[in-house]
Structures are given as C-alpha cells and as structure tokens.
Amino acid sequence: MASIVTEALDLANRIDALLGDSSGALESLDVGTRRKLSEAARKLNLATEATGDTVHRIVHSPLQLPLALVGVETHLFEVLTKHGQQGATNAELASTTGVDPVLMKRLLRYYQSFGMVSQPADDQYKANNITSAMVSLGGRAGVPFYLGTLVPAFNALPEFLRNTKYANVTDGANCPWYLGHQTEKQAFEWVKERPDMMGHFMSWMVSQRDGLPMFLDVIDFEKELAGQGKHPGLVGRVILQDREEVIQQAKTTPIPGFQGIETQAYDFFTPQPVTGARAYYLRNILHDWPDHKCVEILKNIKPAMTKDSRILIDEMVLPERAAPWRATQLDLAMSSCFAAMERSRADWDSLLEQAGLKILKIWKYTDQLDDCIIVAVPN
C-alpha cells in the first residue's frame, strides 16, 4: 500500500512539474504523444474523482456551454488571446469587452477553474490552448450552434425516452428534436429558416474536423481505386452531387482549384444517374439516417454499379469496447436530432446485407472518432 501511495504522490509531483514547465515542453509534443497523455490524464481524473466532485461536476455541466458562449460573444477569449504572454488584468478585459468589472471577475474566476483561461497571478489572466480553441472557427461556430440548435433536443431526451418506454430511437419523424423544439419542422428545415444558425452550421461543418487526418492519408487512391493504372486526376470525371441549393452555392462561389469538378443536383432517395463510376463516395451521409433510410440510399446506388465499382462509405466504425468519447457523443446527438446513429462493424454488416452489399475492406484513419473508409461491393 505504501509503495502505491508513494508512486501516486510521485506521479502527482511530476505532473505538476510538467504543467509548470515554462519552456514549452507540452507544446513541443507530437500529436500522437499529446493525445495519449491527454487521454491518460482524463481517465486518471475520472478514476480518482471523489463522489461529491462527480455529482457536482455533472449537475453543473449545463453551465459550461452557455458560459462558453458568453466568452465568445463578448470577444473575451479573442481579446485575451491578443494580449499574448503578458496577459491582461480584470479591469483591462472589462474595459475592452464592455462587461461590468464585477461580472468580469466572476466570469474569469469560473473560466480559470475549468481551464478555459490561465491565471498566473491574482489579477493577471492569460490565454491558453483552450482559449485558443474557443477563438478558432470551430469554437466560434460550434458553441452557438450547439447551444441554440442541439441542446433543446438533448434536454428533451429523458422525457422522450420515458414516453417511449426506452425503445431505441428509429423513427426520424418521432425523435427528441421535435419535443425539444416544440416544432413540426425537421432539423435541417428548421435550421434553414434561421440564417444565423445556418451560418454557424456551415462554419461548424468546415471546422469540426480541424487537426484530424482525412481518408486520403491512409489510402493510395491510385493503387486501390483508379483501376488499370488510371488516376482520376488525369483520366475520368469527378462529380459532386448534392441538393439543388448546395449545388447552386457551389456554382456561385466555386472553390479555387476545383474548377475541373462537375456538379450535379441529386436526391439520393432517387436512382443514381451516374452509372459505372469507379467510386461512389458518401461522407457522413448515412449517420444522418436510420437503417431503413440508409438501405434505400444504398439500393439506389447499387443498380448503377459495374463490376469495378466501389461504394466508399466514410463513417465511424465503433469498436465493441472502449469507444472514444467524441464518437459516443455524436452517436446520441444523431439519435436525438434524426433518430440516426453511429454504427459498429456488426451494425454495418447488417445494414449493408439489407441493401444487397458486403464489406470488401475497411481502412481506419482516426483514433479520436474511429473514422473509417468502408469499401462496399454487391454481394
């Protein structure tokens, strides 16, 4: 027992020393090491948390998102970031942001206690890595989007599940979204009617994968999919299919360097008009829909395929054990808003079998979300 206590205290002292190192040692860590250390620290924190601390952390967790939005909307995080290493006083931050000094001190007290800002001295506040995250496009867009759009659906989840006797949520026309927002509008329709939320949503879609690999980092596209030595960048066509309004936006404001990509308005609940494509790529499409709708989407592609065609499904493949926290959050977010889900390997096998398809291979390309490319072909 004594050795365990000694080892634990030694570990705590070493962690304190690492955190207090002013040489930038933590910032110099590579992405993989940084994530491994972060996850180990998170698990250690949860494993050693006292009962009272656990309860208070969870019951007060609803404060964190609205208070983050206060920091975003007052530009506090942005102002603090601009002050750099010298930091700023409470009075300076209150004056710049227009926030009452007494309120500012209370906000800063909260932010430092949750690591959202640093406080090296009694009246000195500095930005840190979490402050920087709140200033990023993802922070500025994701915080207001989630608070204004998804949180009402999350809050309705307990009542919804009580009413349905805790059945799995599979009906897109009957899910917590409608109860939480007291609306008959489907989620995407609701967001489209609110330009501010649509703006946040579009920015969130652009930024939500910041710092993560993409599928081309693990796939040799020419070797695996081009076929007969042909590279799609040299021979063939690349066609972007989406809803009419998205295609019109792409035509109005084309992305530089993508001039060679064709655009085509397409509803994936109708037969696929492009026949014989080498690859039909679906990025985070199926996680928006329950199984029966996904089967419909896939069955509309299958008749267009030839023997060389592949369906590339870019989605999570959740493990049966120790699923990552970012993935489990998204799974229940999809359930709350769309009666949809993130899927395990068994779920994908079952879904594809219903559509007359099978998995040829799977490439995993992130640890944070278990993002994978599922290569599917007809049975």
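In helix α15 (residues 291–301), the buried residues are Cys294, Val295, Ile297, Leu298, Asn300 and Ile301. A residue is called buried when its relative accessible area is under 20%, exposed when it is over 50%, and partly exposed in between (1.4 Å probe, protein chains only). Helices (H or I, at least four residues) and strands (E, at least two) are DSSP runs, numbered from the N terminus. The buried residues of α15 pack against the strands β5 (279–283), β6 (310–318), β7 (343–344) and β8 (357–364), and against the helix α17 (345–354). Contact here means heavy atoms within 4.5 Å.

The model is predicted: local features need pLDDT of at least 70 and side-chain atom pairs count only at pLDDT 80 or more, while totals for chains, interfaces and linings use all residues. Residues are numbered from 1 along each chain as its sequence is written, and side-chain values use heavy atoms, with hydrogens and water left out.

The chain is assigned to domain 1 (63–135), domain 2 (144–210) and domain 3 (213–379); such bounds come from an automatic or database domain assignment. The centres of domain 2 and domain 3, taken over C-alpha atoms, are 23 Å apart. Domain 2 brings 19 residues to the contact and domain 3 brings 20 residues.

The size of an interface is often given as the accessible area lost when the parts come together. Between domain 2 and domain 3 about 1400 Å² is buried, and carbon and sulfur atoms give 55% of this area. Buried area is the accessible area (1.4 Å probe) that two parts lose on being put together, summed over both. In domain 2, the residues that lose the most area to domain 3 are Val169, Phe188 and Arg209, together 33% of what that side buries.

Across this interface of domain 2 and domain 3 there are 2 salt bridges, a salt bridge being a side-chain nitrogen of Lys or Arg within 4 Å of a carboxyl oxygen of Asp or Glu. The side chains of Lys192 and Glu245 form a salt bridge at 3.4 Å, N to O.

Most residues other than glycine have a negative phi. Lys165, although not a glycine, has a positive phi of about 60 degrees; Lys165 lies in the loop between α9 and α10 and is exposed, with a relative accessible area of 71%. Ala322 also is not a glycine and has a positive phi of about 60 degrees. Ala322 sits in the loop between β6 and α16 (325–338), and its relative accessibility of 67% makes it exposed.
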